[in-house]
Amino acid sequence: MAARSTPVKKAWRSLTWLMVIIVGLIAINGGGALLAGWNWVPKLALDLIGGTQIILAPKLESGQSVSADQLNQAVSIIRQRIDAAGVSESEINTQGSSNVVVSLPGIPDQATIDRIESSAKLEFRAVIQTDAAAVSNVGETPSPSPSPGASDSPAPSTSPEPAPSISPSNASDPAWVTPALQKQFDDFNCADVEKANTNVAPADKPLITCEINGTLTDALPDYKYILGPVEVSGERIKDATNGLVANSQGVSTNQWGVNIVFDAEGAKQFGEVTTRLYGLTGARHQFAIVLDGQVISAPTTNAVITDGKPQITGSFTQETSKTLADQLKFGALPIGFLVQSKESITATLGTTQLLSGLLAGAIGLMLVIGYSLLQYRTLGLVTVASLVVAFSITYLIVTILSWREGYRLSLAGVAGLIVAIGITADSFIVYFERIRDELRDGRVLVSAVEAGWKRALRTIFASDAVNFLAAIVLFLLAVGNVRGFALTLGLTTIVDVLVVTMFTHPMMQLLANTEFFGGGHRFSGLDPKALGAVYRGRAQFRAPAASVGSGKAASASKEAARRQTIAERKAAELAAGKPGTSSQRSKGKDS
Amino acid sequence: MASFSQFGNDLYTGKRSYDFVGKKYLWYAIAIVLIALALGITLLRGGFEFGIEFRGGSQFEISKTTNLDQTFAANAVTAEVPKANPRVTVIGGSSVRIQTDQLTNAQNDQVRDALAAAYEVTPKQVTASYIGATWGADITSTAIRGLITFLVLAAVVMAIYFRTWKMSLAAMIALLHDLIITAGVYGVLQFEVTPAAVIGFLTILGYSLYDTVVVFDKIRENTMEDGGETRRTFSESVNLAVNQTLVRSINTSVVALLPVGAILFIGAALLGAGTLRDISLALFIGMLVGTYSTIFIAAPLYAHLRSSEDAIQKQSKKLLQSRKSAAVTE
């Protein structure tokens, strides 16, 4: 067979790109191993390697009790928070009548525990009185905040206004400050705010609390506030994201913030608050963003915000802003929790199950290889090589995902990967059968590979698209184990398409030009004789089924023409002009 | 395998042909009987047996023990309550935790005593409590929402790709058939439904549609290329496509079933009940049924759905008439 330069060149180009991808993946993994302490083995999930069991007990005031509904709600919210941090297939359930048990693989750090246990109850309250000095939020927000008007510019210091003895008319009314409250405020020590029960004040009562600056921005003292009743609560939050804060010119600063989107009701409430505060002066010009009973920031109201999209700034890092955004998005826990115990747990399944699974995988793979060789002779080796390439890429990606994104391989995941062998091999089978069909129609191998590929690729794309759709939808919408499954499915589907286009097809293009395959050797699996192409006489060509009426197709009903793609029309035309290939075909037969 | 490739050749040319489309009522009847059996027996047996992950259960914790052998606990529990499905974990360095299906109070006491005896501790060192489901209602509801979204999107995508909604409908009906029968196996055998089984079930969902799309793509190709003046009726074209992809269907299902069969064998024979057996059983049955339903349900149903269309009816009438007259003149 004369070498056809274009397909061969294309084949080498594809194979080179595939090598680049594999080397790239190895480099990422190697870089991670050198710099970030990764390993070359993916991390295992709870069922295989065990992890840590955290028992959370609700923070209850005396006489308060927790209902089953609240507990289930808490489990659901905690699950979403953990899922947002990666696909770890953690287990969360209730224990007894009041505890929540969270089982995580590995040893969680303090940040993970904070993410789980804090209630994340967000409230917007108007500031009535504060001891914050004129220097107040300067250090905290160097630039005016971008959210239209809500900025942390220095709050002008005001002396506490005397409390008039009339009933308060709105949430900013100084009338809330009774002498008793004033005394409590004066005596309040910010060091106690951590110890105090969160959300101590009911939503319709004023709250005395602090803005704690001590830990991060050490230059600033803590500020005390008397805040009005809750005006907008966290339940009104529709979405929350974290991002870099932009200044008034729209230039991004290196400060992290949390962007909130309120629902319609929340936007209306928030608009009313800012309208009222805009007209006030002094401390009452500010509103406070209160999280779990502590003020995170108390910006002044520089404009009326009616679009319901405020931004929270404060002393955030990228990680803490992401955590807060996730917590706000999934809602506050109905009750606060405290870690009661934290202990390591062993795997429920353990290594015997994993080893058995791997053994089963190995046996399955051997059977697949045996069957491929039996069915496709030497061509089966292409299947085997493709599966090896697919396995290597999948393994590398799983390892990278496990170290980078917190993906954990559970036994169900291992089984899913083993099952993927079948679905991946199907692409090769569809392709090989198409090549054989083209050979049966009397093509020589080189053109049969190209024509078969065009048809096979369409089928492979269409069917893989269905799997990929399932993976995307389930990954976005589902939680827990289902999400882990979706990731595995999506991953194996992408690898399947990658391998069949960048490895299997180029290999076939190259092999088609060898004497062994192109000449249709008995053991090549592509012997035209065995495929029935030989039974037709030299001069009589059975019109290939694929091109039945291909000439007529042009004149056929509009419907049919509309459904035919250009590629197919070309293929049909090509098939119709087959007589030109007769000499090559008989040559193949003779050799 | 010369004979097998000869088999493929004959299927391709139409020399050998199995009448999948023509005997549609037989396949419909089989499907209806199977579905009725799956649903009926499952209902008679009292529905599905959901595992501890879905329903919650009982938990025992043996504290301050020096013996941390996990098999002791499993044996002690199953000796008292054979169907308790214990999951044993070592907590910290000195406690053993056993989670079982929900037990009655009497069973609770029996198991506690048995555990105390097995680990040679006083019954007071064994605490019993109840635990909630790890696969909560929230996971189920989000999964169902995801599935419905997926099915609607998949139906739309297929209708656009194949340019006929009838293929979507046929594929969805075949999918439903697969899911009911696969689920029925769990109901009929009263196997515990675990999260692993549900994951296996979801895999089937993808596989069944995938398999149908592959065969439908060939049907689309054949029926489209027929054009106006073909020698085959629409149903015959569909049938030919199914025959032409039969070798592929057989090869694919064998290749897909071999690894699953290996897991099932290892899981069931060597390890007994567990995650591996649960997931591979659902997969094995589902894949088998998934391939079967594409050939015997989806394709005939599609031909059936299209057969009432005017153009197709006219064409097949014309063809059959000309064949008849040809037979007469000969």
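Predicted model: local features only at pLDDT ≥ 70, side-chain atom pairs only at ≥ 80, totals over all residues.
## Ground rules

A residue counts as buried under 20% relative accessible area, as exposed over 50%, and as partly exposed in between (1.4 Å probe, protein chains only).

Residues are numbered from 1 along each chain as its sequence is written, chains are lettered from A and ligands numbered from 1 in the order in which they are written, and side-chain values use heavy atoms, with hydrogens and water left out.

## Chain B as a whole

Let's begin with the overall build. Chain B has 12 helices and six strands; helices (H or I, at least four residues) and strands (E, at least two) are DSSP runs, numbered from the N terminus. Along the principal axes, its C-alpha atoms fill a box of roughly 95 × 45 × 35 Å. The radius of gyration of chain B is 27 Å, whereas a compact globule of 330 residues would have one near 20 Å. That radius is taken over C-alpha atoms, and the globule rule is 2.2 Å times the number of residues to the power 0.38.

Of the 330 residues of chain B, 57% are buried. Among its contacts (heavy atoms within 4.5 Å) between residues at least 6 apart in sequence, 78% join residues at least 24 apart.

Helix α5 of chain B (residues 105-118) has 14 residues and reaches 20 Å from its first C-alpha to its last, close to the 20 Å expected at 1.5 Å a residue. The expected span is 1.5 Å times one less than the number of residues. Buried in this helix are Asn108(B), Val111(B), Ala114(B), Leu115(B) and Ala116(B). The buried residues of α5(B) pack against β2 (57-62), α4 (70-80), β4 (95-101) and β5 (126-131) of chain B.

Most residues other than glycine have a negative phi. Glu120(B), which is not a glycine, has a positive phi of about 50 degrees. Glu120(B) lies in the loop between α5 and β5 of chain B and is exposed, with a relative accessible area of 73%. Arg163(B), also not a glycine, has a positive phi near 60 degrees and sits in the loop between α6 (137-162) and α7 (165-189) of chain B.

## Salt bridges

Side chains of opposite charge can pair when their charged atoms come close.

In helix α7 of chain A (residues 318-330), Lys322(A) and Asp326(A) are separated by about one helical turn because they are four residues apart. Their closest N and O atoms are 2.7 Å apart in a salt bridge. Asp326(A) also forms a salt bridge with Lys329(A), with the closest N and O atoms 3.9 Å apart. Asp326(A) is buried, at 4% relative accessible area, while Lys322(A) is partly exposed at 32% and Lys329(A) is partly exposed at 34%.

Methods
Salt bridge = Lys/Arg side-chain N within 4 Å of Asp/Glu carboxyl O.
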